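I opened the model to see what I could look up in it. These are my notes, in the order in which I made them.

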Amino acid sequence: MDIIEDAMLFARAVFSEDFSGHDYYHTLRVFHMATRIAQEENANLQIVQLAALLHDVDDRKLSSETCEYKTRAVAFLKKHTVPEEQINEICEIISQISFSSNSGAPKTLEGKCVQDADRLDAIGAIGIARAFAYGGNRCRMLHDPNGTTSFTTVDHFYDKLLKLKDLMNTNTGRRIARGRDTFMRSFLDQFYSEWDGIQ
Ligand code: ADP
Ligand code: NI
């Protein structure tokens, strides 16, 4: 079987029971967006596609015990006899793309493509849906106008989502992020209007 097809099946099996916004369709969207960006930016497609499909299988929040050594991703790549050098490259990308890892921008073009694709899925209409799904999963409030509740989902927009547009690595990513960012800002305007009973 084609390694990309098998990686899709592998990701689907890993995420079959996730309700925190990291479900299989997140991985699939990141895969399609990373492919599109990689084509526009002339990056190595195989590396980008494998890193995209495997980027969350050893995520700290979902699989803390395999996170450090990317045990699941490495086992999958070894099974497909991917050369060690490429396995290291893919694992390096996966480590670098997380927002929370704070390791700065990925060094390689391939890493930049995957990070942009992952970040694009956190903004726009899908990003809004994922944020509220994640908040619900963690029993968080939607919003607290008095600011006395810590970690509401609306806070997350200011902590992270509205910053992502300026953190894009590629021109393709930046262009797509601009439209999604504008949409999120108009969502927040409408949200506050409705909250206050104005519209
Ligand atoms: P990554 O895929 O880069 O590791 P996260 O795991 O931090 O990203 O986030 C996954 C999804 O959950 C994203 O859409 C993100 O916006 C959302 N999310 C993460 N933390 C919060 C939070 N505190 N409140 C609401 N949504 C969150
Ligand atoms: Ni992701």
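**Entry 1: the metal site**

I began with the nickel ion (ligand 2), whose site is irregular, with angles of 77 to 168° among its four donor atoms. Four donors count as tetrahedral if all angles lie between 85 and 135 degrees; four count as square planar and six as octahedral if opposite donors are over 155 degrees apart and all others between 65 and 115; anything else is irregular. I noted for reference that ideal angles are 109.5 degrees for four tetrahedral donors.

Which residues supply the protein donors of the nickel ion (ligand 2)? I found His26 (NE2), His55 (NE2), Asp56 (OD) and Asp118 (OD), at 2.1 to 2.7 Å from the ion. Donors are N, O and S atoms within 2.8 Å of the metal (3.2 Å for Na, K and Ca); water is not among the atoms, so sites may look incomplete. Along the sequence, I read the spacing of the donor residues as H-x28-H-D-x61-D. His26 lies in helix H2 and Asp56 in the loop between H3 and helix H4 (64-67), so this pair ties together parts that are 30 residues apart in sequence. Helices (H or I, at least four residues) and strands (E, at least two) are DSSP runs, numbered from the N terminus.

Are His26 and Asp56 buried or exposed? Both are buried. Buried means under 20% relative accessible area, exposed over 50%, and partly exposed in between (1.4 Å probe, protein chains only).

**Entry 2: how to read the model**

This is a predicted model, in which local features need pLDDT of at least 70 and side-chain atom pairs count only at pLDDT 80 or more, while totals for chains, interfaces and linings use all residues. Residues are numbered from 1 along each chain as its sequence is written, chains are lettered from A and ligands numbered from 1 in the order in which they are written, and side-chain values use heavy atoms, with hydrogens and water left out.

**Entry 3: the core**

I looked up the largest nonpolar core, which has 50 residues; Leu77, Leu120, Phe157 and Leu161 touch the most other members. A nonpolar core is a set of buried Ala, Val, Leu, Ile, Met, Phe, Trp, Tyr and Cys residues joined through side-chain atoms within 4.5 Å. The helices that each supply at least two residues of this core include H1 (3-14), H2 (24-41), H3 (45-54) and H10 (171-195). H2 gives the most to this core, with eight residues.

I then followed Leu120. Setting aside residues up to four places away in sequence, Leu120 touches Met33, Ile37, Met168, Gly173, Ile176, Ala177 and Arg180. Contact means heavy atoms within 4.5 Å.

**Entry 4: helix H2**

H2 has 18 residues and reaches 25 Å from its first C-alpha to its last, close to the 26 Å expected at 1.5 Å a residue. The expected span is 1.5 Å times one less than the number of residues. Which helices do the buried residues of H2 pack against? They pack against H1, H3, H7, H8 and H10.

At the start of H2, I saw a side-chain oxygen of Asp23 within 2.9 Å of the backbone nitrogen of Tyr25. Just after H2, Asn42 takes a positive phi of about 60°.

Within H2 I picked Thr35. Thr35 is buried, with a relative accessible area of 12%. Its side chain makes a polar contact of 3.1 Å with the side chain of Gln49. A polar contact is a pair of N or O atoms within 3.5 Å; within protein, one must be able to donate a hydrogen and the other to accept it, and residues adjacent in sequence count only if both atoms are side-chain atoms. Thr35 and Val48 are 13 residues apart in sequence and 7.0 Å apart in space, C-alpha to C-alpha.

**Entry 5: loops**

Asn169 sits in the loop between helix H9 (153-159) and H10. A polar contact of 3.0 Å joins the side chains of Asn169 and Gln115.

Lys70 lies in the loop between H4 and H5, and its phi is near 50°, a positive value in a residue other than glycine. Lys70 counts as buried, at 11% relative accessibility. Thr81, in the loop between H5 and H6, has a positive phi of about 45° although it is not a glycine. Thr81 is exposed, with a relative accessible area of 67%.
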